[in-house]
Amino acid sequence: LLPASSSGSPDTPRSLGARMEKHTEVLQKDIGARNASQPKSMEAAAKYIAALLTQKTFKLSSDQRTVIFGLSSAHVAATLAAVMVGYNVIVGQTPDGEPIRLLGESVLNGTILMILATCTISTFATQRGAHNIAIKGVRENDESTEHQDEHILIPVSNEESVRELVTLGNVLKSKKNHNGFYALHAIDNKVEDSGLEKRARKILETAATAAAASDIYLHELLRYDVNISNAIASVAKEQSITDIVMGLHRDKSPAIFLGKITGDLLGESNVTTYIYKPVQPLATIKRHIVIIPSQAEKEAGFLMWLHKIGNLARNTGTKIVVYAPETTLKYIEPLRRKQTATVETVLFKDWEKLPALLRELRTDDCLWLVMSRRERISYQPAMNKIPAYLDQYLGRNSFVLIYPVQAGDPESRYL
């Protein structure tokens, strides 16, 4: 990487960096540099063995071992400083007048190569191990709090869909949930209409009647707020809501697929949200098709919505077919074995092939799509095409979009 200088003056780290940038092609030609870096590969193997022995001794997890290896494998300042001292020590001159250095160019080039390799490996190893540890911590917390009260909120705005929304909320809830069912009608306080409250009471009464038919007590909530999404988000915080079940707005244009209210709500509230478009009664559905994106198992809310799919299978007895990548299916297999209803799993990882799958849906199928916020780990570029796909292929099918709880800034843009 570093051509010999014609003078015996020592090089500074800054000049070395500039010259390394200028002459990177030397690395490809310098066999000595590659040979000089080979002993460091043995050192990396030794550090991995040390991390492995530490894991076995203290009974650590594989992810903790990865973090230990990542943090201990990088070489930068101390290594470069030691090599620079030897490089700048001139022990003589060649017949041509070139300086003979204690540590030659091959050693220096090999050291630069070693720094590049170890820093790259260290960064990725530490990030992967730390991320997995964090995700496991969230899952353990979810499992420890699973016994806590479940609160389902159903925002209702029209009588046509309120019964189906209540039905969906009912099949998603756990059997132990007897007092955690809420229906909310929000009214914009800037709108002057004396008939709005009367209409809202009627819609809430319809929701309560639908819930009572399944022997469920439903809390009727009427709220005035500056806007609808803010009202829903505020109630979600006040009532410790764990799940929101809401309908898809009635405008069919793919350009405004979710609508302003839903989009704003998803930006304000990080609660598992089910966006439901009922085309036929839920009781007539013969199969539920659940499509899961890659790395969905690494999201903070993975277990939350997965337990709800388990409740769906248990409460309806309807066949569930899960399409997911192989790594995700490993987490779903324990759930499948516990279910009395039929739960099938199918390997599926390329969302670009989603249209072919949608064309195979039957008229009595209900599609469940696990979505993701933008810039989150399970986000797929093909999710941008979901509105067009649903408009084109699911005119006769009911579907549910699941937006799970995800770590990160809740203000990020949604689909």
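Tutor: Leaving aside residues up to four places away in sequence, His 151 touches Gly 180, Tyr 182, Gln 239, Ser 240, Ile 241, Thr 242 and Asp 243, where contact means heavy atoms within 4.5 Å. This is a predicted model, in which local features need pLDDT of at least 70, side-chain atom pairs count only at pLDDT 80 or more, and totals for chains, interfaces and linings use all residues. Residues are numbered from 1 along each chain as its sequence is written, and side-chain values use heavy atoms, with hydrogens and water left out.

His 151 sits in the loop between α6 (105-144) and β3 (152-155); helices (H or I, at least four residues) and strands (E, at least two) are DSSP runs, numbered from the N terminus. His 151 counts as buried because its relative accessibility is 14%. Buried means under 20% relative accessible area, exposed over 50%, and partly exposed in between, with a 1.4 Å probe and protein chains only.

Ile 152 belongs to strand β3 and is buried, at a relative accessible area of 1%. With residues up to four places away in sequence again not counted, Ile 152 touches Gly 169, Lys 173, Asn 177, Gly 180, Phe 181, Tyr 182, Ile 241, Asp 243 and Val 245. Ile 152 and Ser 240 are 88 residues apart along the chain, and 9.1 Å separates their C-alpha atoms.

Now the helices. Helix α9 (residues 228-238) and helix α10 (residues 260-268) have axes that come within 8 Å and cross at roughly 35°. Axes are lines fitted to C-alpha atoms, for helices over the stretch in contact, and angles run from 0 to 180 degrees between N-to-C directions. In this contact, Ile 228, Ser 229, Asn 230, Ile 232 and Ala 233 of α9 meet Ile 261, Asp 264, Leu 265 and Glu 268 of α10.

Helix α5 (residues 77-88) has 12 residues and reaches 16 Å from its first C-alpha to its last, close to the 16 Å expected at 1.5 Å a residue; the expected span is 1.5 Å times one less than the number of residues. Thr 79, Val 83, Met 84, Gly 86 and Tyr 87 are the buried residues of α5. Down the axis of α5 they fall within an arc of 165°, so they line one face of the helix; the arc is that of the directions from the helix axis to the C-beta atoms. Ala 77, Ala 78 and Val 85 are exposed on the other side of α5.
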